[in-house]
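Have a look at the sequence and the model below, and then read on.

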Amino acid sequence: MGYFSPQPFIKQGGVIMKNNIRVERAIKNITQADLAEQVNVSRQTINTIESNKYVPSTVLALKIARAFGKPLEDVFMLEEGD
């Protein structure tokens, strides 16, 4: 399984990427480890994404959305920052 080292929370141009992975996992009743296995990354990677400490690649974001059977925009969203 791949592991992406945590990067600082990414904030470019006042736009912040948020996600509702925790909610989607609860709906499907799966753990971080279950999701990580489905998208072929480590549980730690899912944890850092879920905690908004790491912004996933486009490919990984699409894989996560697909694992939930949802459009990308239902799992990841952009919000205006300060």
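Predicted model: local features only at pLDDT ≥ 70, side-chain atom pairs only at ≥ 80, totals over all residues.

The protein has five helices and three strands. If you follow the chain from the N terminus, the elements come in the order β-β-α-α-α-α-α-β. The protein has 82 residues, and 34% of them count as buried. Now think about which parts of the chain meet. Among contacts between residues at least 6 apart in sequence, 70% join residues at least 24 apart.

Let's turn to the inside. In soluble globular proteins, nonpolar side chains tend to be buried together. Here, the largest nonpolar core has 17 residues, and Ile21, Leu35, Val39 and Ile64 touch the most other members. Helix 2 (32–39), helix 3 and helix 4 (58–68) each supply at least two residues of this core. Which helix gives the most to this core? It is helix 4, with six residues.

Beyond its neighbours within four places in sequence, Ile64 is in contact with Ile21, Leu35, Val39, Ile46, Ile49, Val75 and Phe76.

Is Ile49 buried or exposed? Its relative accessibility is 0%, so Ile49 counts as buried; the cut-off for buried is under 20%. Setting aside neighbours within four places in sequence, the contacts of Ile49 are Asn19, Ile21, Tyr54, Pro56, Leu60, Ile64 and Phe76.

Helix 2 has its own story. Its buried residues are Gln32, Leu35, Ala36 and Val39. Looking down the axis of helix 2, you would find these buried residues within an arc of 100°, so they line one face of the helix. What do the buried residues of helix 2 pack against? Their partners are helix 1 (21–28), helix 3 and helix 4.

Lys63 and Gln38 are 25 residues apart along the chain, with 8.5 Å between their C-alpha atoms.

Next, look at the loops. Most residues other than glycine have a negative phi, and most peptide bonds are trans. Asn40, in the loop between helix 2 and helix 3, has a positive phi of about 65° although it is not a glycine. Asn52, in the loop between helix 3 and helix 4, also has a positive phi, near 60°.

Asn52 leads us to the last stop. Rolling a probe the size of a water molecule over the atoms shows where empty space is left. A search of the whole structure finds one cavity of 30 Å³ or more, and the largest cavity has a volume of about 40 Å³. Its lining is made of 10 residues, with Met17, Asn19, Asn52, Tyr54 and Val55 lying nearest its centre. Strand 2 (residues 15–19) provides the largest share of this lining, three residues. Sorted by class, the lining has seven nonpolar, two polar and one charged residues.

How values were computed
Residues numbered from 1 in each chain as written. Heavy atoms only, no water. 1 Å grid on protein atoms, 1.4 Å probe; cavity = no way out; pocket = protein on both sides within 12 Å on 5 of 7 lines; lining within 4 Å. Points joined across faces, edges and corners; volume = space filled by probe spheres on them. Helix = DSSP H or I, 4+ residues; strand = E, 2+ residues; numbered from the N terminus. Nonpolar A, V, L, I, M, F, W, Y, C, P; charged D, E, K, R; others polar. Buried < 20%, exposed > 50% of the residue type's maximum accessible area, 1.4 Å probe, protein only. Contact = heavy atoms within 4.5 Å. Core = buried A, V, L, I, M, F, W, Y, C linked by side-chain atoms within 4.5 Å. Arc of directions from axis to C-beta.
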